[in-house]
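Grab a pencil and work through these exercises with the model open beside you. Each task is followed by its solution.

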Amino acid sequence: MNDIIKAMKERRSIRSFKPEMPPKEDLEKIIEAGLYAPNAMGTQQTCVVAVTNKELRDKLAAANAKIGGWEEGFDPFYGAPAVLIVLGDKTWPMRVYDGSLVMGNMLLAAHSLGLGGIWVHRAKEEFEMPEFEGILKDLGIEGEWEGIGHCVVGYYEGDYPEAAPRKDGRVVWAE
């Protein structure tokens, strides 16, 4: 089996991370893999905000937990130290599809580098909040952006999860 298909079959969502930050070079490789994802008409209408600042990461986690309805103190990023936020240009009708492909590539890249990752939702709701729209402006990101997802990344804690058996009946051939 080739390495790409093997990674696709072995990658799992990680829900327990060590606090150590992965090397910036690894995060750059993960982001680069995301930016090479297929995108509608080759327009590249997504961007990635790489959050390694613990204060901002914790502020995002608190907002995400509140949006998700969890109790204060719950960490929806499962302790992961790095949060790679995918944003899509609100004027681009394919933003969710394009951003989803970026997320998938980044999760596979993290796995290929021996890191864990998981897609965490609620980025859309976060970046509709004036506080986070302001953060984008402070970072020099102009325009109107929709949060697609958070690719949280780090070293996984504990045993690597096993794959659940695949359900039957999910492929129909029209030959």
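**Exercise 1.** Which residue in strand 2 does V48 stand opposite?

*Solution.* First, some ground rules: this is a predicted model, where local features need pLDDT of at least 70 and side-chain atom pairs count only at pLDDT 80 or more, while totals for chains, interfaces and linings use all residues. Residues are numbered from 1 along each chain as its sequence is written, and side-chain values use heavy atoms, with hydrogens and water left out. Now find V48: across from it in strand 2 sits V86. Then follow the pairing: strand 1 and strand 2 (residues 82-89) run antiparallel over 6 bridges. Strands here are DSSP runs of E, at least two residues, and helices are runs of H or I, at least four, numbered from the N terminus; two strands pair if DSSP finds at least two bridges between them.

**Exercise 2.** Work out the strand order and the edges of the sheet.

*Solution.* Start with the order: 4 strands make an open antiparallel sheet, 1-2-4-3. Next, pick out the edges, strand 1 (46-51) and strand 3 (116-120), each pairing on one side only.

**Exercise 3.** Find the residues that touch the most other members of the largest nonpolar core.

*Solution.* A nonpolar core is a set of buried Ala, Val, Leu, Ile, Met, Phe, Trp, Tyr and Cys residues joined through side-chain atoms within 4.5 Å; buried means under 20% relative accessible area (1.4 Å probe, protein chains only). Among the 23 residues of this core, your picks are L60, I85, L87 and V152. Finally, check the contributors: helix 3 gives the most, 4 residues.

Definitions and conventions: Buried < 20%, exposed > 50% of the residue type's maximum accessible area, 1.4 Å probe, protein only.
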